Amino acid sequence: MTQPVLDVSWSDDGTKVYMAGCDKQVKCWDLASNQSIQVAAHDAPVKTCHWIKGSNYTCLMTTSWDRTVKFWDTRSPNPLHAIELPERSYCADVDFPMAVVSTAGRHILIIQLEGTPSVVKKPDSPLKYQHRCISVFRDKKGVPAGFAVGSVEGRVAIQYNNPAEPKDNFTFKCHRSTGTGSSFQDIFAVNSVRFHPVHGTLATAGSDGRYSYWDKDARTKLKTSEPVDQPVSAAAFNHSGHIYAYAASYDWSKGHEFNNTQVKPKIYLHSCFDDMKARGK
């Protein structure tokens with residue numbers, strides 16, 4: 001890649017990594033041969049990429065600042081399908097048969113992936129500030145049932161696709177701190193929200209250099225980490241949910257003047273399986 005990478009996604013068999021970036025391309029890195037080839041393109045930087053393993057097809061979903069979502073057979077130079085977005089894509093997530101995309105202007109689109117992908121719902125955002133991250137969650141039967149979206153204003157919203165009751169949807173504050181003796185509160189961006197693949201609890205990570213574990217059903221916090229010396233800019237669970245990986249690096253939340261090139265980015269691996277169990281289970 002000749003310009004910054006904005007997102008990566010594994011193929012379902014773990015042999016390839018897809019890389020989306022500011023050079024308006026997505027490349028496929030074949031790990032066995034250590035070769036990479038271009039497999040997708042947009043008219044502006046590509047913000048997200050997700051490998052989709054459907055019931056009867058596989059494809060790559062990409063979203064871009066060119067205000068489109070595209071679906072690719074990576075053997076073909078042209079997309080299989082494209083969906084127009086109301087604004088530039090900021091974040092997206094996929095859990096077949098559901099995809100969710102959030103854009104500038106706090107727009108949210110829920111896309112169904114069975115057959116030809118199509119937008120099925122455009123819920124209003126419950127958050128008042130720019131969205132930073134979004135993640136699909138499943139119900140007790142293991143079916144995608146809704147999503148969590150985090151904003152730059154230290155807040156996360158839990159939204160069900162079809163809530164049994166309106167109060168099932170809620171927001172909560174996170175990644176905030178109040179100095180000793182201070183009447184002011186420091187509010188940090190939520191850079192990552194991820195659901196545990198086994199327990200269904202969630203982890204948030206933010207510009208305050210901390211991550212926190214939450215039980216959305218009980219609406220309680222399970223744990224908060226000690227801060228690292230930089231913002232936590234990205235995070236993910238491994239497939240079994242035993243390891244929580246998070247990256248510490250500058251996220252530009254305070255502008256370029258706070259970028260310290262002497263502080264190097266780091267990746268941490270944290271054992272998390274027991275800490276993320278809901279209380280009483």
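Okay, first thing: is Lys 167 buried or exposed? It's exposed, at 54% relative accessible area, where exposed means over 50%, buried under 20% and partly exposed in between, with a 1.4 Å probe and protein chains only.

Quick housekeeping. This is a predicted model, so local features need pLDDT of at least 70 and side-chain atom pairs count only at pLDDT 80 or more, while totals for chains, interfaces and linings use all residues. Residues are numbered from 1 along each chain as its sequence is written, and side-chain values use heavy atoms, with hydrogens and water left out.

On to salt bridges, meaning a side-chain nitrogen of Lys or Arg within 4 Å of a carboxyl oxygen of Asp or Glu. The structure has 13 of them. Lys 167 pairs with Glu 165, with the closest N and O atoms 2.3 Å apart, and Glu 165 is partly exposed at 40%.

Now, Asp 217. Asp 217 bridges to Lys 140, at 3.3 Å between the closest N and O atoms. That pair links distant parts of the chain, 77 residues apart: Asp 217 sits in the loop between β21 and β22, and Lys 140 in the loop between β13 and β14. Strands here are DSSP E runs of at least two residues, numbered from the N terminus. Asp 217 also meets Lys 216 in a salt bridge, 2.8 Å from N to O. How do they sit? Asp 217 is partly exposed at 46%, Lys 140 is exposed at 70%, and Lys 216 is buried at 8%.

How values were computed:
Helices (H or I, at least four residues) and strands (E, at least two) are DSSP runs, numbered from the N terminus.
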